Amino acid sequence: MGRKLVLIHPSSTFRIVDLGCSVGPNTFIAIQNIIEAVDLKYKSQSLSSSSSEACLEFHVFFNDHTSNDFNTLFASLSLERRYFAAGVPGSFYTRLFPRASLHFVHSSNALHWLSQVPKEVVDINSPAWNKGRIHYTNAPNQVVEAYFAQYAKDMEVFLHARSEEIVCGGLMVLLVAAIPDGTPPSLSILGILFDLLGCCLMDMAKMGIVDEAKVESFNLPAYTTSPQEVKALAKRNGCFSIERMEAILPSASNISFNPQTLSNHIRAATEGIIKKHFGSCSEILDQLFDHYTKKLEDSISVLKSQRTIQLFVLLKRNTNVSC
C-alpha cells in the first residue's frame with residue numbers, strides 16, 4: 001500500500017473482509033497485519049487513527065461456506081482485538097456485500113477451489129470425460145481445457161462481484177496456489193497429491209471397498225492457475241488494475257514432505273467432498289487415508305520435483321471504470 005490512502009474519512013469505518021477464512025488462526029494473523037498496515041499509512045499521512053478527534057474504526061467480515069465452523073472461529077477471537085467482527089456465510093462466487101461497501105478484500109489459498117466440477121469431465125459422452133482420474137493431473141488436453149474453462153468462468157464471476165462490492169480505489173489482495181507459466185499440471189504439488197488420492201480410490205474400487213462407478217464419477221473441483229492466466233483474466237474483467245504481482249517460491253522450511261502431515265492436510269481439505277459423493281463412513285475414510293499415507297511414503301521424490309509457487313496479487317478497484 002505504497003500510494004496515498006484516500007478511501008474514507010478517518011472518522012468513519014474501514015471495512016475489511018477475509019474470503020475463505022476457515023476457522024483460524026491464519027485469518028486472524030492476516031487481519032491484524034492489514035489493520036496495522038492501514039493504521040501506519042494513515043499515521044504517515046497525519047491522519048492518526050488513534051487520536052480522539054479522528055478515530056478510525058475497523059469492521060471485519062469473516063466469510064466462508066455455510067458448512068464452515070463459525071462457532072470455533074468466533075470462540076477463538078482475541079478479546080483484545082481492535083475491530084468489530086461479523087460472519088458472512090456463502091460462496092464468494094456470488095455477491096456477498098452491498099455495493100461499494102468494502103475497502104480491503106483479502107483471500108488466501110482459497111481461489112483454487114472451483115464453484116463446481118466441470119460438467120464435461122463427468123459426462124461419459126463428452127470428449128473431456130475424465131475416466132480413471134479424479135483431477136486433471138496427467139489427463140488429456142480436453143480435460144485440462146474443461147477445468148480451465150470452469151476456472152475462467154468462476155474468476156469472471158468472482159471479479160465482477162468484488163468490483164461491485166469494493167469502493168473505487170479500494171484494494172484486494174489474493175494469495176493463490178499457482179504454478180510457473182508453461183509448467184505442466186503434473187508438476188503442481190496439488191496435482192500430484194490429488195493424483196495419488198485418485199490412485200488410492202481406484203485401488204479401493206478394485207478391491208470392492210468402494211463402488212467403481214462412484215469413483216469414475218468423482219472429480220475434485222480444484223484448479224492451479226498461472227501468473228499469465230491471472231493477468232489475462234484481470235485484464236478481461238477491466239474493473240481492477242494489477243498494482244503488484246509476485247511469484248513467491250516456497251522455502252524448504254515452509255514445505256513439509258512428511259507423509260502423515262500431507263495426508264492430514266489433504267484429508268482436512270477433501271473429506272467433506274468425499275463424504276458428500278460417496279456417503280462414506282469413518283471406517284472407509286480411515287482406510288482410504290491410511291492407504292494414501294503409504295502411497296505418499298513411496299512418492300516423496302516425486303513430490304519434491306514439484307514446481308508450485310504462491311502468487312501474490314494486489315488489485316486496485318479502478319476509479320474511472322463503471323463495472
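Student: Is Cys21 buried or exposed?

Tutor: This is a predicted model, and in it Cys21 counts as buried, because its relative accessibility is 5%, under the 20% cut-off.

Student: And Cys168, how does that count?

Tutor: Cys168 counts as partly exposed, because its relative accessibility is 44%, which lies between the 20% and 50% limits.

Student: How many disulfides does the structure hold?

Tutor: There are zero disulfides in the structure.

Student: Okay, on to the strands. How many residues of β4 are buried?

Tutor: Strand β4 covers residues 102-108, and six of its seven residues are buried, so the strand is largely enclosed by the rest of the structure.

Student: Which strands pair with β4?

Tutor: Strand β1, residues 13-19, pairs with β4 in the parallel sense over four bridges, and strand β5, residues 166-178, also pairs with β4 in the parallel sense, over six bridges.

Student: What do β4 and β5 make with helix α3?

Tutor: Together with helix α3, which spans residues 141-165, the strands β4 and β5 make a right-handed β-α-β unit.

Student: Switching to the rings: how many aromatic pairs does the structure hold?

Tutor: The structure holds 16 aromatic pairs. One of them is formed by Phe14 and Phe58, whose ring centres are 5.8 Å apart and whose planes stand at 65°, so the pair is edge-to-face.

Student: Where do Phe14 and Phe58 lie?

Tutor: Phe14 lies in strand β1 and Phe58 in strand β2, residues 57-64, so the pair ties together parts that are 44 residues apart in sequence. Both Phe14 and Phe58 are buried.

Student: What about Phe28 and Phe62?

Tutor: Phe28 and Phe62 form an aromatic pair that is edge-to-face as well, with 5.8 Å from centre to centre and 75° between the planes. This pair links distant parts of the chain, since Phe28 is in helix α1, residues 26-44, and Phe62 is in strand β2, 34 residues apart.

Student: And how accessible are Phe28 and Phe62?

Tutor: Phe28 is buried with a relative accessible area of 16%, and Phe62 is buried with a value of 0%.

Student: Which residues are in the cluster with them?

Tutor: Ring pairs link Phe28 and Phe62 with Phe70, Phe74 and Tyr83 into a cluster.

Student: What sits over the ring of Phe158?

Tutor: The charged end of Arg162 sits over the ring of Phe158, at 4.9 Å from the ring centre.

Student: Last topic, helix α8. Where is Thr293, and what is it in contact with?

Tutor: Thr293 is in helix α8, residues 282-297, and it is buried, with a relative accessible area of 8%. Leaving aside neighbours within four places in sequence, Thr293 is in contact with Pro259, Gln260 and Ser263.

Student: And Tyr292, buried or exposed?

Tutor: Tyr292, also in helix α8, counts as buried, because its relative accessibility is 0%. With neighbours within four places in sequence left aside, Tyr292 is in contact with Leu193, Leu196, Leu197, Cys200, Ser263 and Ile266.

Student: How far apart are Tyr292 and Thr261?

Tutor: Tyr292 and Thr261 are 31 residues apart in sequence, and from C-alpha to C-alpha they are 11 Å apart in space.

Notes
Residues are numbered from 1 along each chain as its sequence is written. This is a predicted model: local features need pLDDT of at least 70, side-chain atom pairs count only at pLDDT 80 or more; totals for chains, interfaces and linings use all residues. Side-chain values use heavy atoms; hydrogens and water are left out. A disulfide is a pair of cysteine sulfur atoms within 2.5 Å. Buried means under 20% relative accessible area, exposed over 50%, partly exposed in between (1.4 Å probe, protein chains only). Helices (H or I, at least four residues) and strands (E, at least two) are DSSP runs, numbered from the N terminus. Two strands pair if DSSP finds at least two bridges between them. A crossover is right-handed if, with the strands pointing away from the viewer, the path from the first strand over the helix to the second runs clockwise. Rings of Phe, Tyr and Trp (its six-membered ring) pair if their centres lie within 6.5 Å; planes under 30 degrees apart count as stacked, over 60 as edge-to-face and the rest as tilted. A charge sits over a ring if NZ of Lys or CZ of Arg is within 6 Å of the ring centre and within 35 degrees of the ring normal. Contact means heavy atoms within 4.5 Å.
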